[in-house]
Amino acid sequence: MLLRRPRALRWLHALLGAASPAVAAEPIDFNRQIRPILADACFHCHGPDAASREAKLRLDEREGLYRVREGVAVVVPGKPEESELLHRIVSPHEDEVMPPPRAARQLKLEEKDLLRRWVAAGAPWDRHWSFTPPVASAVPEVPERRGWRSTPQVRNPVDAFVVARLQREGLTPSPEAPRAALLRRVSLDLTGLPPAPEEVDAFLADSRPDAYELQVDRLLASPRYGERWAWDWLDAARYADTNGFQGDPERTMWPWRDWVVNALNTNQPFDCFSIEQLAGDLLPGATREQKIASGFHRNNMFNGEGGRIPEETRVENVFDRVETTGAIWMGLTLSCARCHDHKYDPVTQGDYYALYDIFNQMSEQGRAAGGRSGAIAPVIDLSTPAEAEAVRKAQAAIDALVPEIERFELAKFPRPEGKPVIDSPAAQRLPGNLPATHARTEVRQRGLDGLLEALPFFRDTEPDPAYVKLLQRHIAAIRARDRANDNITRVMIMDQRGELRDTFILNRGSYEAKTETRAFGAVPALFRAAGPEPGPANRLNRLDFARWLVSPGNPLAARTSVNRAWQAFFGHGFVKTAEDFGVQGDPPSHPELLDWLAADFVAHGWDVKRLHRQIVTSATYRQSSRGSAALRERDPENRLLARGPRHRMPSWMIRDQALAAAGLVNLALGGPSVRPYQPAGIWEEATFGKKTYVEDQGDALHRRSLYVFWRRIVGPTTFFDAGARQVCTLKVPITNTPLHALVTLNDPAFVEAARVMAQRVLAGAAGDSARLRFAFRLVTARSPSAAEEGVLSARLSRLRANFARDGEAARLLSAAGASPRPAGLAASEHAAWTALCSLLLNLDETLCKE
């Protein structure tokens, strides 16, 4: 309850003191400085969630902040002494101070002073920045200057915003990176692979002013581009090759993965890319490819464990689709609104279930599929003529066997012709479940479980050899049909029920606790223009909603997309919390640049390749990543962008780089997932012996990491710091521990890459010096300095001596991996160069993109 008695603010001034003139003169930004304080300290009790709101007071809305009730004003603009909020935050009385003493979050002295100065400055209020449409502000005018190496500081509008900010901070941009380092950086960023030495040589020899831009265009046109950028999307889409949970059955979603690669390579506009994945099946005259695209929301985990209630599984799947969509296209964390109004963002439980209603209308039933396949209907059949013929023949074999079994059973279980087996007294005397699982079921409808239960009874308990032979033939025929069916590629897709389900708000998100409140498909209220409330007449379906997500009505889709692109290039986005653009999310480091890029992205047709080109051709991106100690201390995360990006590559890219350096990488596009090297027993332990990992052979071992089979409950062992592919992941954390080196030094893929790279070096150059330079260039794109070459030469000498003394170790190392080894190559020399190449593959410069 707000206090009514007037009081002076003498203790406020005593506690806070007078602000310095310089501080007091600084303008206060409500969204960047005031709202975060209120969100952290006040919104839990005075925010959007009506159920937990106290004193009927909302501080997340303008009306609540400026409310006057019974003569007491929460905030009076320009008058701190009349503002109850300020009285409360400095009150010495435990029964009235806010936040209350029991609260975990208490205000700091400087935060109280900031609130006082904000009120004194007129208490300006703005809507949360991300809930307003992005506006392309005027590009800052930056005085023409030259960098340290006579390179322009401003090459495109991106740089103007960055340099203007640096000037306000008293900083200067770094010079352009060396050309070899720059080509390696942009090659890894755009294709996920390092440049070949001949590509580096061609670039270094190209004196044309647009030589770098020409390299960028070459990389954007490469089919490797789509493979590199598909990885981030697969993390967001929670793509895997299995369903997850106990049993973890396989599914065939790789055609959807290939659709993503092709869409990126052909530069499908992001709005179309989004609509087809969210609702491709609902497009008029939907093509097979558009239906495959809708598999985006079938990538979720599926719990088909025994005893699982199908409706519970179905509801959990709808929850996942709502929350994944909210994170990717709206930058909102919606999960808490399953159970109650959002504590911080203006999203109600009703808003959540309006979105739930949109995704609640597909035919999925929550039941697992039969056989070995993890494909859950609805699916699209992509069988080849040969596969379809195999299924037809297998079914025909069953159809031919059924009459023979029926004739035999008519004699074995006597009853009037035309009556079921269970009508026979002999069948009724069968023990256990056999009357239900065997005798009551028509021969044509019998499944493996019932037949496998009947077989031992008629073989051991009441032996009937002739009948056992028929049962065995029936079992074999069903298994043959199931194998043929499982070999068919069936991709899970979305569909729409003809008769729509009624959607009710679920009490605390429990599938069985429907309330009486109905929900109808609609966008969240904070984005709805004034108009009628959602109802049967204006109920949105998935296609309506998908189109709205990429319309001007949603201020977040372009922002979140641009932010993720920037994150991929620089290691962090303008907004560090890529999944949360709400009140609790991190504020943008360059809000004007983020909005300018978002507006420009939309204005140019959601052109993803154009956006990427715009970023990588900027002077900001082209800066050297080497900064002074003072700069690193001032801005350790490079949020101000006074130097180029430098961070460790993701583990999948490290593997692909090693394969490329060795000349091993198999660049075939698309197709079923492959199974490269993996330690024995991993799958068996995780699945209680039900799944056995069988390595592929030949070139399949060296496919790009994008195509590696991903078991949901235990991911590929080569990949560290990777998304779990269980829920939507928009930013995978990068860590740095010695455990990583255990992979890059000892995993068979890396040992083989080092061994084959050594073969390439020995064959590609003559003499130690030339070979050392060649090997160094394969992994760093540059030539080593004289000092570096000296260190490597000394190391090579020690390795030669070691392997000369230990012939068995040399033999084993020089034969690592399945790829062939040239005859006539001395094992000790080969092993020495293999160990040296392994060292080079593990250099910090090699493992990092800089």
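This is a predicted model: local features need pLDDT of at least 70, side-chain atom pairs count only at pLDDT 80 or more; totals for chains, interfaces and linings use all residues.
Where does P99 lie? Select P99 to begin: P99 is in the loop between α6 (84-90) and α7 (109-120). Residues are numbered from 1 along each chain as its sequence is written, and side-chain values use heavy atoms, with hydrogens and water left out.

**Two cis peptide bonds**

The peptide bond that joins M98 and P99 is cis, with omega about -5 degrees. Next, go to A377 and P378. A cis peptide bond runs from A377 to P378, with omega near 5 degrees. P378 sits in the loop between α17 and β3 (379-381).

**Two residues with positive phi**

Select N267, in the loop between α13 (254-265) and α14. N267 is not a glycine, although its phi is positive, at about 60 degrees. Then move to W606, in the loop between α25 and α26 (608-616). W606 is also not a glycine, and its phi is positive, near 55 degrees. W606 has 7% relative accessibility and therefore counts as buried. Buried means under 20% relative accessible area, exposed means over 50%, and partly exposed is in between, with a 1.4 Å probe and protein chains only.

**Helices α16 and α23**

Two packed helices are described by the angle between their axes and the distance between the axes. Select residues 310-330 for α16 and 542-549 for α23: the two pack at an angle of about 25 degrees, with axes 11 Å apart. Axes are lines fitted to C-alpha atoms, for helices over the stretch in contact, and angles between N-to-C directions run from 0 to 180 degrees. α16 and α23 are therefore roughly parallel. Angles under 35 degrees count as roughly parallel, over 145 as roughly antiparallel, 65 to 115 as roughly perpendicular, and the rest as oblique.

Show side chains for the contact (heavy atoms within 4.5 Å). T325, W329 and M330 of α16 meet F545, W548 and L549 of α23.

Stay on α23. Six of its eight residues are buried: R542, L543, F545, A546, W548 and L549. The elements that cover these buried residues include α14 (270-279), α16, α17 (349-359) and α24 (557-570). At the start of α23, find N541, where a side-chain oxygen comes to within 3.0 Å of the backbone nitrogen of L543.

**G571**

G571 is in the loop between α24 and α25 (591-603). Leaving aside residues up to four places away in sequence, G571 touches W566, H647 and K731.

**Helices α31 and α32**

Last, select residues 738-746 for α31 and 748-764 for α32. Their axes come within 5 Å and cross at roughly 50 degrees. That angle is why α31 is oblique to α32. V743, T744, L745 and N746 of α31 make the contact with P748, F750 and V751 of α32.

Key:
Helices (H or I, at least four residues) and strands (E, at least two) are DSSP runs, numbered from the N terminus. A polar contact is a pair of N or O atoms within 3.5 Å; within protein, one must be able to donate a hydrogen and the other to accept it, and residues adjacent in sequence count only if both atoms are side-chain atoms.
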